[in-house]
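This briefing is for a reader who is new to the structure shown below.

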Amino acid sequence: MPRWLNRGVAGIGVASFFSDVSHEVSTALLPALLTSTLGAPAAALGTIEGIADGMAGAAKLAGGALADDPARRRATAMGGYTATSILSALIGLASSVWQVGVLRTGAWLSRGLRTPSRNALLTDVVEPEAFGRAYGFERAMDNAGAIAGPLLALALVSLVGVRDAILLSVIPGLLAAAAVFVAIRSAPRLEKHERPPLRIRIRPVLHGRLGRLIAAVTAFELGNAAATLLILRATGLLSPDHGHDSAVQLSILLYAAYNAAAMVASIPAGHVTDRRGATGVLLGGVLALLGAYVGFALAGPALALLAVVFVVAGIGKAAVETAQSAAVALLAPTDLRGSAFGALAASQSFANLAASAAAGALWTLVSPRAAFFYLAAWMVVSLAALLATRAA
């Protein structure tokens with residue numbers, strides 16, 4: 001193995017894989033549990049997911065304060081992975097909609113708290129010249145989990161049913177916690193130090209080049225709508241020629257290709273980040289998403305063209321996610337890395353919600369084409385902000 005892929009980096013990558021497998025199982029089966037098993041209306045799913053996502057965004061900001069201290073970040077990462085897996089699995093025992101809501105929100109709170117700690121923990125286990133490759137490996141494993149999770153959900157449902165499948169998702173979740181424990185054990189031993197007071201520090205993070213980078217990434221995230229919109233667009237374009245059911249199946253396969261492209265591109269994006277710098281990789285990723293969104297706006301029912309657009313979008317996603325984490329790790333002061341990752345993660349969460357809401361409204365009120373041109377416009381804004389950051 002390459003020297004940068006040490007036990008700590010591998011442990012965090014494996015944790016991301018198993019954690020994604022775990023929560024993708026519960027996410028994939030949540031609609032069936034709520035509507036078919038508990039008899040709740042579809043609006044209940046939207047309400048629960050909206051509350052959970054909003055709380056996760058706030059938790060990421062708070063998690064940054066915990067992650068500033070190396071000892072706290074290790075405890076938070078370990079506790080966050082464990083709590084997320086257990087709370088997500090307990091949804092399988094829920095007998096009412098409010099119980100599902102409480103458990104889902106608790107799981108996403110834990111997930112939000114651990115995210116800055118996991119990202120900061122990577123800086124403890126690898127040298128700065130390999131940050132790009134380390135974050136690329138973590139993103140590759142995360143995307144691999146996004147492919148394996150729904151497939152595992154389908155297999156488990158056919159074998160044991162919806163409730164038991166959700167309960168069994170605790171197994172990969174606890175494997176993720178074990179992998180994080182291995183990563184923590186491989187990190188350098190902490191010297192005795194005075195723990196800084198817990199406080200959310202935003203203003204120091206938003207100064208200088210780091211602040212400009214986070215602003216550019218926020219502009220990108222305001223155009224980075226949920227992947228479900230891509231699936232919906234493909235389904236609508238393919239339905240007239242293939243029928244609705246076949247179009248849904250083909251769209252899911254296209255989404256799998258999107259995640260596979262992101263998985264394959266993440267480590268090469270990390271290599272380029274380490275050798276050429278993060279800004280160029282970010283520019284390439286944003287350009288790829290810009291092209292993909294224009295493609296989604298103008299595409300017809302040609303399956304091959306849609307496949308190309310999905311793959312380009314996946315490559316763009318991989319490039320941006322990898323390079324932005326490496327850039328924050330390099331630009332943030334050591335004692336503010338947790339806060340920097342917290343600010344980044346929170347801005348991503350809230351901007352993604354805004355992107356999906358605005359695109360969904362345009363989709364309904366105007367047209368799908370207008371929604372994707374709106375998202376593409378934010379890519380142009382992000383490009384301009386990144387170019388200004390590079391020139392400064």
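Seven salt bridges are present in this predicted model.

**Salt bridge between Arg74 and Asp124**

- Arg74 pairs with Asp124 in a salt bridge, and their closest N and O atoms are 3.9 Å apart.
- This pair links distant parts of the chain, with Arg74 in helix H3 (residues 70-90) and Asp124 in helix H4 (residues 97-125), 50 residues apart.
- Arg74 and Asp124 are both buried.

- A salt bridge joins Arg118 to Glu138, with 3.6 Å between the closest N and O atoms.
- Arg118 and Glu138 are each buried.
- Glu321 and Arg139 also meet through their side chains in a salt bridge, at 3.3 Å from N to O.
- Because Glu321 is in helix H12 (residues 303-331) and Arg139 is in helix H5, the pair connects parts that lie 182 residues apart in sequence.
- Glu321 has a relative accessibility of 18% and therefore counts as buried, the cut-off being under 20%.
- Arg139 is buried too, with a relative accessible area of 12%.

**Helix packing**

- Two packed helices are described by the angle between their axes and by the distance between those axes.
- Helices H4 and H5 pack at an angle of about 140°, and their axes are 10 Å apart.
- That angle makes H4 oblique to H5, since angles have to be over 145 degrees to count as roughly antiparallel.
- H4 and H5 cross in a right-handed sense.
- Helix H8 (residues 208-221) packs with helix H13 (residues 337-365) at an angle of about 25°, with 8 Å between their axes.
- H8 is therefore roughly parallel to H13, as angles under 35 degrees are classed that way.
- The crossing of H8 and H13 is right-handed.

**Nonpolar surface patch**

- Leu159, Val160, Leu168, Ile171 and Leu175 make up a nonpolar patch on the surface.
- Together these five residues have about 450 Å² of accessible area.
- At least two residues of the patch come from helix H5 (131-160), and at least two come from helix H7 (170-186).
- Val160, one of the patch residues, is located in helix H5.
- The relative accessible area of Val160 is 36%, so Val160 is partly exposed.

**Single residues and distances across the chain**

- Phe181 is found in helix H7.
- With a relative accessible area of 41%, Phe181 is partly exposed.
- Between Phe181 and Ala75 there are 106 residues of separation in sequence and 9.5 Å in space, C-alpha to C-alpha.
- Leu287 sits in helix H11 (residues 278-298).
- Leu287 is partly exposed, its relative accessible area being 48%.
- Leu287 and Leu154 are 133 residues apart along the chain, and their C-alpha atoms are separated by 35 Å.
- Met379 is part of helix H14 (residues 368-391).
- The relative accessibility of Met379 is 0%, so Met379 counts as buried.
- Met379 is 122 residues from Ala257 in sequence and 22 Å from Ala257 in space, C-alpha to C-alpha.
- Leu250 has its place in helix H10 (residues 244-276).
- At a relative accessibility of 21%, Leu250 counts as partly exposed, because buried means under 20%.
- Leu250 and Leu238 are twelve residues apart in sequence, with 8.2 Å between their C-alpha atoms.

Methods
Residues are numbered from 1 along each chain as its sequence is written. This is a predicted model: local features need pLDDT of at least 70, side-chain atom pairs count only at pLDDT 80 or more; totals for chains, interfaces and linings use all residues. Side-chain values use heavy atoms; hydrogens and water are left out. Patches are made of residues with over 30% relative accessible area and no salt bridge: like charges are joined within 9 Å, nonpolar side chains (Val, Leu, Ile, Met, Phe, Trp, Tyr) within 5 Å. Accessible areas come from the Shrake-Rupley method with a 1.4 Å probe; for residues, only the protein chains shown count as cover. A salt bridge is a side-chain nitrogen of Lys or Arg within 4 Å of a carboxyl oxygen of Asp or Glu. Helices (H or I, at least four residues) and strands (E, at least two) are DSSP runs, numbered from the N terminus. Buried means under 20% relative accessible area, exposed over 50%, partly exposed in between (1.4 Å probe, protein chains only). Axes are lines fitted to C-alpha atoms, for helices over the stretch in contact, and angles run from 0 to 180 degrees between N-to-C directions. Angles under 35 degrees count as roughly parallel, over 145 as roughly antiparallel, 65 to 115 as roughly perpendicular and the rest as oblique. A crossing is left-handed if the near helix is turned anticlockwise from the far one by less than a right angle, and right-handed if clockwise.
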